[in-house]
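Here are my notes on the model you passed along. Have a look at it first, then read through the points below.

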Amino acid sequence: MVAGMQRLRPVAVRLAQRSCWGARRYSVKAQPSWTAGAGAVTAIAAACAGIGAGFGLWIAQSTERGTAVAAAGASTEPPLGSELARIVVPETIPHVDYESEPKPAYYTDTTRPMHERMEALVLDLQDRLVEALETVERSKRFVRDRWEREDGKGYGISCVLQDGDVLEKAGVNVSVIEGTLTPGQLRSMRERNAQTAQRLGADQEYEFRVAGVSVVVHPRNPYAPTAHKNYRRFEVYRKGHVDAGPVMAWFGGGADLTPAYLFADDARHFHQTLRRACDAHDARYYPRFKAWCDRYFSNEHRGETRGVGGIFFDDLEDKAPEDLFRFVYDAGASFVRAYVPLVARRMATPYTQRERNWQLIRRGRYVEFNLVHDRGTKFGLMTPGARIESILMSLPLAARWEYMNRPEPGSPEEELQRAVRTTADWAA
């Protein structure tokens, strides 16, 4: 017994001499010689008392800090759904009947270079959509942030609205930039376009011009769908020979719908509106671009599409530039009619924490696609001098990832999940 207590002596002394979880330093003088077990027991008891006192002080301090933090944050988050009482559904939405509006001058002015007309188009589409969205969002207005590239090669206008009653986050961005294609960008273009892009020599240098509008809208209400739109024209020139005209040029873009809860009427309206814009130019466009959208906006790692689709195309150069420009005009302008009325229809629907959580989970899938698969995001990040704030504007303010989340069988959440694991002919 005495021998065992003697072996405990160094441990007791070390415990007694250490600082204990925020308490003041506690020490016990070791006796010159320990010949009895009682001394060791006394030292251990003293050390444990010190540990207990220190631990108690730590608990008290941590609790006090936690209470202060909780009190500070408690008043910053408004009650769930409190915005519904302030929402007013508009009677009309501007630019829904875009076909009856007079065509702008750039639409028919063939004396101007195509890249200048495309610049005018994307600026026009930006203004129209911002005006339409501000009709449904009356609590705030878009902030217009005009920026210039540091190298002087282009500019952009980022129109962003955050924390509104209707729109939790919305961005309508225009960029008009030029530069030199990086080896990675050139390689990506040649791999993507196995036909005409092969005329770009892998060992040559090229410059580019691009004008585009990029849109993502994340409504606050879980029943109102997220939507995306992007239209652009890309021109490639031999380095140092911009005045000679582009050696390659094409249009790209599209729009798609990403609901958290499936409303078949909403999906049909969105697709039928886009189909009408396509059919006005080529009856083959909608079925071709709809299938392209289903393939492209896909989280392959989850075996599901991002939403219920729309249209998507890239490297479009199968007609005269004038014909393609007029198609892009109609497709881009149709987005207001296709989408904004859906927000107006759903933005005042009552919801609970359950619907909010599911919305955040579906937003997480949106983030996964944009950061893992989206070519536009990757191209932007590869561009020297890229403006990261504008590139990542598409991400929502909040998202959620739950481990092994499985919707309840037969629930509306499961209905949405079934829809994104198949494809449907919504325009029929």
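**Notes on the fold**

1. Leaving aside residues up to four places away in sequence, Asp124 is in touch with Pro104 and Tyr106 (contact here is heavy atoms within 4.5 Å). Asp124 sits in helix H4, residues 114-136. Helices (H or I, at least four residues) and strands (E, at least two) are DSSP runs, numbered from the N terminus.

2. Before going on: this is a predicted model, where local features need pLDDT of at least 70 and side-chain atom pairs pLDDT 80 or more, while totals for chains, interfaces and linings use all residues. Residues are numbered from 1 along each chain as its sequence is written, and side-chain values use heavy atoms, with hydrogens and water left out.

3. Is Asp124 buried or exposed? Asp124 counts as buried because its relative accessibility is 18%; the cut-offs are under 20% for buried, over 50% for exposed and partly exposed in between, with a 1.4 Å probe and protein chains only.

4. Now the sheet. Seven strands form an open sheet in the order S1-S2-S3-S4-S5-S6-S9, with antiparallel pairing (to pair, two strands need at least two DSSP bridges between them). Strand S1 (143-148) and strand S9 (309-316) are the edge strands, each pairing on one side only.

5. Glu148 stands opposite Tyr155 in S2.

6. Helix H6 (residues 264-279) packs on the sheet, where H6 touches strand S6 (248-258) and S9. The direction of H6 makes about 30 degrees with that of S9; axes are lines fitted to C-alpha atoms, for helices over the stretch in contact, and angles run from 0 to 180 degrees between N-to-C directions.
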